[in-house]
Amino acid sequence: YQRNYTMVRNGIAATKLTPQMIVDGLRTGNVFTSSGQLIDRLAFVACSSTPSGLGFRSNVLVENLALNAAVNGTDTDVSGCATMGEKLVVRPGMDIVVAVALRDPAGTNNAPYTFANPSLAQNGVTLPINAPVLDHVDLIGGRVTGYKTPGAADYSGAWPVNAAWLDANGNIAGLGAVPAAAKNTSTSILKTWSATTPWTTATSSVDQTQFLKMSVRIPAVQASQYVRLRGTNLPPSTPFETDASGNPLPDLFTNANDTTKLMIPCDVVPSVTPPAVLTNGLTIDGCPSHLATATAPSPIAGHKAVSFDVAAWSDLWFYANPIYIQVNGSVAIAGVK
């Protein structure tokens, strides 16, 4: 279900990979994770550029740099550019071109379920749980503020374990209850790409599979910051799953620990009763019997509800480690090469 993709450098192609090489790869931060095989290739690159955007670091050329890396499964070791886990040092006023290339693999994933995704069904979308499609990709950015003083109010603190920061619909009601050390209020979605806010397609020269590529220019940076990526199979405003901006909602409404809050019904009747593995030995075509049943005052009380593994396979995400951008004269970003 959950996969971790790490860039591992072994120097000489004939050299056998060792555990130490893998650990070294993890330590570089050149890593992304994906649930449910939502994507299986990713290159995420930031390059410095002049405001004119001409020459090597135009949007198109940085996109192609990312595409070549994603298609070939290689690094993007180019002067003036950085990838996940790395730091790009620039002068104040420079533009940053951020480019992404990824592959949403065709076909089915490892989910045992073939019935329509109940979370998407709320939006009138019919797609099998085991054949997810990437809906959108978010570029997220925020300021890097530097060292915190031990003992200061913003030095340590955990996110609250209760739901005091949420409203009745699971949306953020306010961050006043969240310690300063557990939040970054400068963080925002910088850009969203989807089929309607275009990414473009490209065919791999290696195996003819389809890749998606996209880019954005961040103009005239003045402060040290980071950018990171996430993507999901769920559109914005999917009830009880995402808000209007596409942010994930807390798993209050699919968590079987409180059946009064379960909100997404799973009513597809399997062809085998009780639900069991079918004759092909691989798939289940209806809501399994082990799902939690919603209880009052939930409006779907008495129904099987999206919960446990069906909730996990219905709600898929990928996340990329950040790229750090250090602006000369702003906050120094320590501990990152």
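How many residues lie between S9 and S10 in their hairpin? Six, and Gln 208 in that turn has a positive phi of about 65 degrees. Helices here are DSSP runs of H or I with at least four residues, strands are runs of E with at least two, and both are numbered from the N terminus.

Some ground rules. This is a predicted model, where local features need pLDDT of at least 70, side-chain atom pairs count only at pLDDT 80 or more, and totals for chains, interfaces and linings use all residues. Residues are numbered from 1 along each chain as its sequence is written, and side-chain values use heavy atoms, without hydrogens or water.

S9 and S10 run antiparallel, joined by four bridges. Two strands count as paired if DSSP finds at least two bridges between them. Thr 201 has Leu 212 in S10 as its bridge partner.

Next, helix H2, residues 59-72. H2 has 14 residues and reaches 20 Å from first C-alpha to last, close to the 20 Å expected at 1.5 Å a residue. That expected span is 1.5 Å times one less than the number of residues. Among its buried residues are Val 62, Glu 63, Leu 65 and Ala 66. Buried means under 20% relative accessible area, with exposed over 50% and partly exposed in between, using a 1.4 Å probe and protein chains only. The buried residues of H2 pack against strands S3, S4, S6, S9 and S10; contact means heavy atoms within 4.5 Å. Just after H2, Gly 73 takes a positive phi of about 65 degrees.

Now the cores. A nonpolar core is a set of buried Ala, Val, Leu, Ile, Met, Phe, Trp, Tyr and Cys residues joined through side-chain atoms within 4.5 Å. The largest has 33 residues, and Leu 42, Phe 44, Leu 102 and Leu 229 have the most contacts inside it. Strand S12 gives the most to this core, five residues. A second, separate core of 16 residues includes Cys 47, Ala 66, Cys 81 and Val 97.

Last, the disulfides: cysteine sulfur pairs within 2.5 Å. The count comes to two. Cys 47 and Cys 81 form one, sulfurs 2.0 Å apart. Cys 47 sits in S3 and Cys 81 in S4, 34 residues apart. That link is right-handed, with 105 degrees about the S-S bond. The other joins Cys 266 to Cys 287, S to S 2.1 Å. Its torsion is about -90 degrees, so the Cys 266 and Cys 287 disulfide is left-handed. Cys 266 counts as buried because its relative accessibility is 2%.
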